Structures are given as C-alpha cells and as structure tokens.
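Reader: I am new to this structure and would like to go through it by asking questions. Could you show it to me before we start?

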Amino acid sequence: MRGRAGVWSWGVGAVGFWLVNLASIPSPSTAVWQLGPVPLRAYALCIIAGIVLACIVTDRRMRSRGAPPWAVLDIAVWAVPFGIVGARIYHVLSSPDAYFGAGGDLVKALYIWEGGLGIWGGVAGGAVGAWLACRQLGMSFSFVADTIAVGLPLAQAVGRLGNWFNNELYGGKTDLPWGLQVHVMSDTQPGQAMLGPDGEPELREGLYHPTFLYELLWNLGVAGVVYALDKRFKFGRGRAFALYVMLYTLGRGWIEAMRTDTATMIGGMRLNVWTSIIVFLGAAAFFFLRKGPQEFLIPNVDADGEPVKGFTIVTEAQYQAFLADGTRPDAAAPGDGGEDGDSTPKAVSDEFDDPSDSAADQGSDLSAQKTSSTKD
C-alpha cells in the first residue's frame with residue numbers, strides 16, 4: 001500500500017482499485033517561503049500570531065480589572081524574549097543528543113525556526129520576564145498571571161499550527177478517519193518536503209495521529225474552561241493561572257505519551273510526561289492552598305492626589321466604587337501583604353526605582369479608568 005497526495009492503492013487478489021481517501025488530514029509540503037532574500041517561516045509566523053492573540057485577549061481582561069490600555073505590551077516586551085529563550089534552553093537540555101551527542105551540532109541550538117521550543121522553559125522564562133516588567137510598572141505579578149491565563153493557552157493553540165507546517169510532533173500510525181499525512185522533509189532544503197521520482201512531495205507510508213492537533217484542541221478547551229470558571233468563581237492571587245497549568249498538564253501528559261519523536265526517557269516514560277505530572281501536582285497544591293479575592297487595580301496617587309508610579313490592589317467592590325465616584329479605600333503601606341483572603345488594599349510599587357521618577361504614564365488618566373472599563 002502506497003500513498004501519494006491523498007490517493008491510496010489497494011490490491012485484492014487479482015483485482016486492484018483506487019480509492020480517494022477523503023478521511024485524512026493533509027500536511028503542507030512547504031514551511032518556508034522566500035520573500036526576496038528574506039525567508040518567511042510558517043513556524044515563526046504561527047508563534048507571532050499566537051502572541052498577538054494572547055496580547056489582545058489579555059489586554060481585554062486587564063482593562064476590565066483596572067489596568068491601563070495596552071499595559072500588556074509593556075509586559076510582553078519582557079515576557080516574550082525571556083519566554084523564547086527559556087523555551088529553547090529547555091528543549092536543548094531535554095534533547096541533548098541532537099546538540100551535544102555524537103554527530104550533534106551545538107550551533108543548531110540557535111536555529112529556533114527549525115522548531116524545538118519547550119513549553120515548560122517558555123512558561124518559566126516568560127514568568128521571569130513578566131515579573132521584571134511588573135517591577136517596572138508597579139503592578140501585581142499575580143494580577144498579571146491571572147489575566148493571562150486565558151490568552152496563553154490560545155497562543156499555544158495557534159503556535160501548534162507551526163508544528164503542522166513543519167511536519168513534526170505526530171504520533172504513531174492510525175487508521176482513524178482523522179489520520180495525518182506526513183511528508184518526508186528535506187535535510188538539505190529546510191522547510192521543504194523531499195520530492196519523489198515522479199517529482200511530487202514524498203509522503204511517509206500510512207497515516208499518523210495528529211498529536212499537534214490534539215494539543216491545539218485541548219488548549220482551546222483549556223482557555224474556555226479557565227474563562228468560564230474564572231468568571232463564575234472569580235479566582236484571585238494566581239489561582240486562575242494555576243488552574244490553567246493544571247488543565248494544560250492534564251492534557252499534555254496523555255498527548256505526550258502518544259508522540260513517537262525522539263525524547264529523553266526516564267523509567268520508561270518520556271521526560272515531558274514526568275514534567276507534566278510534577279508540574280500538575282505543584283499547580284494543584286497552589287490552587288487549593290492559596291486563598292484570596294480576585295484582584296483589581298486602581299492607580300496610585302500621592303498625598304496631593306497627583307498620580308505616581310504603581311497601582312493599588314483592591315477588591316471588585318472597591319474597584320466599582322472607585323469607578324462610580326472616585327472613592328479610594330485607605331491604602332496599606334507599600335509592601336504590606338496582609339493576610340490571604342482579606343480585602344485590605346495593597347499598594348504596589350518598585351522600591352528599587354528613584355521615588356522622584358515620574359512614571360505616572362501607566363495610571364495618570366483616572367477618567368479613562370472610569371469610562372473605558374471593558375467587561376471580561
């Protein structure tokens with residue numbers, strides 16, 4: 001049995017016939033296009049599209065809770081580079097043979113466009129970048145984590161399309177109706193399928209589990225569940241983000257086990273399966289032990305009512321009162337964390353900055369805060 005461009009040949013005794021296999025998923029034979037001297041890589045375009053989508057969704061959620069318009073971009077300029085570097089480092093360290101083993105090429109650790117970004121390193125690196133951005137903005141880190149908990153899995157879902165273009169991250173063979181056709185990709189022409197004797201892109205024999213698609217759909221489901229439960233239960237203090245981590249790892253574990261690409265094995269299981277289990281347990285412990293109301297922000301002002309750097313964390317009721325008539329709750333001293341679950345407003349600022357630094361851009365327009373609140 002041999003396949004080419006979705007057409008399969010069967011022989012039964014001396015009778016042969018052709019059947020067009022409509023119940024399968026084709027794969028692109030090209031993942032790189034040349035725009036003059038500039039290569040346009042599908043993998044990179046999918047990542048960029050995912051980042052844009054995550055920023056749009058997160059901005060909406062942040063604005064609805066008191067953040068100024070597009071503050072998410074000030075966070076993204078830190079979180080995205082840190083996330084990409086962290087994701088690549090994790091991939092390289094978890095797949096050492098391709099870079100440090102016999103025949104490995106360490107220089108290829110820099111070839112991000114060829115694929116290979118580990119989500120665990122991406123989340124960890126992105127978290128570091130986001131934390132640094134929060135220090136600069138005087139914004140609560142847990143507030144940012146909770147507001148990005150819907151946009152992040154959406155970004156991951158879009159990013160998985162890059163694996164489809166690269167003909168990678170598929171599972172074992174299957175005869176299910178949604179089996180995936182996979183091209184044999186060229187080593188000498190990255191991003192292009194090898195051509196067969198007839199000049200057509202060469203396909204691997206059979207159909208395969210589209211594990212990239214399973215994870216894409218799972219991530220869309222995660223985003224929907226986090227959004228719905230967060231809207232219903234109003235998670236705070238990082239619990240919405242912990243819920244995202246729990247749900248993502250729950251799916252990643254079984255999807256990872258279906259993959260057939262080379263991976264580091266520990267105790268008969270792939271490294272990423274073990275990582276999913278450990279991260280799930282950590283996120284679950286945080287989710288069930290952490291308490292506190294959903295966080296909202298109002299911009300800080302000094303004793304004369306002039307805007308200063310940073311924001312004060314308040315409850316939803318306090319935020320609504322501020323929007324209604326400008327009522328401000330008595331702010332706690334900067335750095336006063338209070339007890340988990342209390343409603344004491346907490347001022348957030350960056351004590352490492354010069355107090356005289358006038359960085360009030362993030363919270364100076366109080367009237368805009370009152371009139372442009374968007375429903376989450």
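Reader: At what distance from the ring centre of Phe233 does the charged end of Arg232 sit?
Author: This is a predicted model, and the answer is computed from its atoms. The charged end of Arg232 is placed over the ring of Phe233, and its distance from the ring centre is 4.8 Å.

Reader: Is the pair of rings formed by Phe233 and Phe235 stacked or edge-to-face?
Author: A search through the whole structure gives 13 aromatic pairs. For Phe233 and Phe235, the ring centres are 6.0 Å apart and the planes meet at 25 degrees. Planes under 30 degrees apart count as stacked, so the pair Phe233 and Phe235 is stacked.

Reader: Is Phe235 buried or exposed?
Author: The cut-off for a buried residue is under 20% relative accessible area. Phe235 has a relative accessibility of 7%, so Phe235 counts as buried.

Reader: Which residues are in contact with Leu243, leaving aside its neighbours within four places in sequence?
Author: Leu243 is one of the residues with the most contacts inside the largest nonpolar core, which has 21 residues. Once the neighbours within four places in sequence are set aside, the contacts of Leu243 are Val226, Leu229, Phe235 and Phe287.

Reader: Over the face of which residue does Arg239 lie?
Author: Arg239 is at 4.3 Å from the centre of the ring in question.

Reader: Which residue does UniProt list for "binding site"?
Author: The listing comes from an unreviewed UniProt entry, and the residue has its place in helix H6 (residues 151–165).

Reader: Which residues is Arg160 in contact with, leaving aside its neighbours within four places in sequence?
Author: One of these contacts, Tyr248, also belongs to an aromatic cluster with Trp120, Phe241 and Tyr244. Another, Leu169, is found in the loop between H6 and E7. With the neighbours within four places in sequence left out, the contacts of Arg160 are Leu169, Phe212, Glu215, Leu216, Tyr248 and Arg252.

Reader: What value does phi of Leu169 have?
Author: Most residues other than glycine have a negative phi. In the loop between H6 and strand E7 (179–180), Asn167 has a positive phi, near 55 degrees. Leu169 counts as buried at 16% relative accessibility, and its phi is also positive, with a value near 60 degrees.

Reader: How many bridges join strand E10 to E11?
Author: E10 (residues 296–301) and E11 run antiparallel, and together they form a hairpin with five residues between them. Within this pairing, Val301 has Pro307 of E11 as its bridge partner. The number of bridges that join E10 to E11 is five.

Reader: How many residues of strand E11 are buried?
Author: Strand E11 covers residues 307–314 and is mostly covered. A second, separate core of 18 residues includes Ile313, along with Cys55, Ala67 and Ala71. Of the eight residues of E11, the number buried is six.

Methods: Residues are numbered from 1 along each chain as its sequence is written. This is a predicted model: local features need pLDDT of at least 70, side-chain atom pairs count only at pLDDT 80 or more; totals for chains, interfaces and linings use all residues. Side-chain values use heavy atoms; hydrogens and water are left out. Buried means under 20% relative accessible area, exposed over 50%, partly exposed in between (1.4 Å probe, protein chains only). Helices (H or I, at least four residues) and strands (E, at least two) are DSSP runs, numbered from the N terminus. Two strands pair if DSSP finds at least two bridges between them. Rings of Phe, Tyr and Trp (its six-membered ring) pair if their centres lie within 6.5 Å; planes under 30 degrees apart count as stacked, over 60 as edge-to-face and the rest as tilted. A charge sits over a ring if NZ of Lys or CZ of Arg is within 6 Å of the ring centre and within 35 degrees of the ring normal. A nonpolar core is a set of buried Ala, Val, Leu, Ile, Met, Phe, Trp, Tyr and Cys residues joined through side-chain atoms within 4.5 Å. Contact means heavy atoms within 4.5 Å. UniProt positions are given in the numbering used here, feature names are shortened, and annotations may be inferred rather than shown by experiment.
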